[in-house]
Amino acid sequence: MRAGGRGKKWLWRWRSNPLRRRDDVLEAWLLLAVWVLIAVGGTLAGLLTARAADDVFAQQRAERTPVRAVLLTGAPRAESKSYRALVKVRWTLADGSTRTGTTLVDGGQKAGSTVMLWTNTQGNPTTQPPSGTDAAVEAGFFGAASALAVTGLTFGAGGAARWWLNRRRIDQWDSEWDLVGPRWGHKTG
């Protein structure tokens with residue numbers, strides 16, 4: 001018996017009632033639309049963003065290749081283990097052509113030593129692409145952030161619309177009170 005009453009309470013905004021205002025029905029449909037957009041739109045945005053990020057990372061892994069590079073200048077030694085220096089290097093591409101450029105290497109390396117350098121399809125130095133696991137984690141984070149952004153924007157827009165409806169109801173109550181209030185305004189003595 002309670003379950004039936006609870007169902008009616010959930011759907012009270014749609015039932016026939018002489019005191020129900022048009023704004024109440026509008027608010028009920030607005031809330032339904034907000035929750036559907038949050039559930040469906042947030043999920044779709046998250047999945048599409050994660051898929052797009054994963055595709056970009058896969059393309060980076062396919063286009064970037066590691067090559068051995070020889071240091072032309074030494075990297076200064078530093079006290080910090082995380083110190084990296086920008087040095088001049090030379091590398092050979094798969095077609096046999098030689099290139100020179102600069103890259104970051106760990107401090108303390110001497111001229112003539114070899115380092116691993118990642119190159120793009122044009123043979124220019126680039127960053128190492130993320131591994132499959134790192135790419136999946138990053139894609140998941142991007143998807144979650146996208147879903148949260150859509151959810152937040154939808155929730156905020158719904159809240160703003162409800163605020164506008166409440167302001168409108170208050171203004172209507174004010175105008176109705178202006179009509180009814182003077183009848184109750186007399187004082188007994």
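**Close-up views of a predicted model**

Among contacts in the protein chain (heavy atoms within 4.5 Å) between residues at least 6 apart in sequence, 59% join residues at least 24 apart. This is a predicted model, where local features need pLDDT of at least 70 and side-chain atom pairs count only at pLDDT 80 or more, while totals for chains, interfaces and linings use all residues. Residues are numbered from 1 along each chain as its sequence is written, and side-chain values use heavy atoms, leaving out hydrogens and water.

**View 1. Welcome to the whole chain.** Of the 189 residues, 23% are buried, that is, under 20% relative accessible area with a 1.4 Å probe, counting protein chains only.

**View 2. The open sheet.** Its 5 strands are ordered β3-β2-β1-β4-β5, with antiparallel pairing; two strands pair if DSSP finds at least two bridges between them. At the edges lie β3 (98-106) and β5 (125-126), each pairing on one side only. Strand β4 (residues 114-119) joins β5 over 2 bridges in the antiparallel sense, and Trp 118 has Thr 126 in β5 as its bridge partner.

**View 3. Around Ser 146.** Look for Ser 146 in helix α3 (residues 132-184). Ser 146 is buried because its relative accessible area is 16%. Beyond neighbours within four places in sequence, Ser 146 is in contact with Ala 45, Gly 46 and Thr 49.

Key. Helix = DSSP H or I, 4+ residues; strand = E, 2+ residues; numbered from the N terminus. Buried < 20%, exposed > 50% of the residue type's maximum accessible area, 1.4 Å probe, protein only.
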